[in-house]
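Subject: Structure handover

Hi there,

Here is the structure I promised to pass on to you.

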Amino acid sequence: QVQLVESGGGLVQAGGSLRLSCAASGRNLNINTAGWYRQAPGKQRELVASITSTGTGSTNYADSVKGRFTISRDNAKNTVYLQMNSLKPEDTAVYYCNAVVWLRGQGNYDVWGQGTQVTVSS
């Protein structure tokens with residue numbers, strides 16, 4: 001059994017910063033590709049950023065967050081991060097971590113975190 005545990009959300013003023021963390025709990029596992037999604041009230045869930053598993057990871061960003069958000073990973077800690085700078089009220093949403101997690105002897109699983117609320121006040 002593997003879970004993704006998210007942390008780091010909260011309330012911040014416009015222009016501020018937050019760092020989200022997504023840690024895979026369990027043993028004998030590795031995170032392969034991973035991504036952060038967000039869902040605002042009344043809107044569909046959208047991909048914010050993704051990172052591959054090769055080397056330090058190739059990254060991809062939604063146009064709305066390019067230059068402000070940075071996704072990164074620490075393979076030793078099985079953790080993925082989302083550094084969010086210059087936050088805007090329109091970034092307000094529940095942020096979800098998603099990853100393909102490899103479990104020794106079991107293969108790959110697509111796993112979602114529970115979500116963490118990010119609220120940006122104007």
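Below is what I found on its salt bridges.

Please keep in mind that this is a predicted model. Searching the whole structure turned up 4 salt bridges.

With E46 it makes a salt bridge whose closest N and O atoms are 2.7 Å apart. R38 also bridges to D91, and there the closest N and O atoms lie 2.9 Å from each other. What does the pair of D91 and R38 tie together? R38 belongs to strand β4 (residues 29–39), while D91 sits in the loop between β8 (79–84) and β9 (93–103), so their contact links parts that are 53 residues apart in sequence.

Are these residues buried or exposed? R38 has a relative accessibility of 6% and so counts as buried, because the cut-off for that is under 20%. D91 is buried as well, at 0% relative accessibility.

Another salt bridge joins D63 and K66, with 3.1 Å between the closest N and O atoms. Here D63 is exposed, its relative accessible area being 64%, and K66 is partly exposed at 48%.

Finally, take a look at how the bridges connect: through shared partners, R38, E46, R68 and D91 are joined into one network.

Enjoy exploring it, and write back whenever you like.

Best wishes

Terms used
Residues numbered from 1 in each chain as written. Predicted model: local features only at pLDDT ≥ 70, side-chain atom pairs only at ≥ 80, totals over all residues. Heavy atoms only, no water. Salt bridge = Lys/Arg side-chain N within 4 Å of Asp/Glu carboxyl O. Buried < 20%, exposed > 50% of the residue type's maximum accessible area, 1.4 Å probe, protein only. Helix = DSSP H or I, 4+ residues; strand = E, 2+ residues; numbered from the N terminus.
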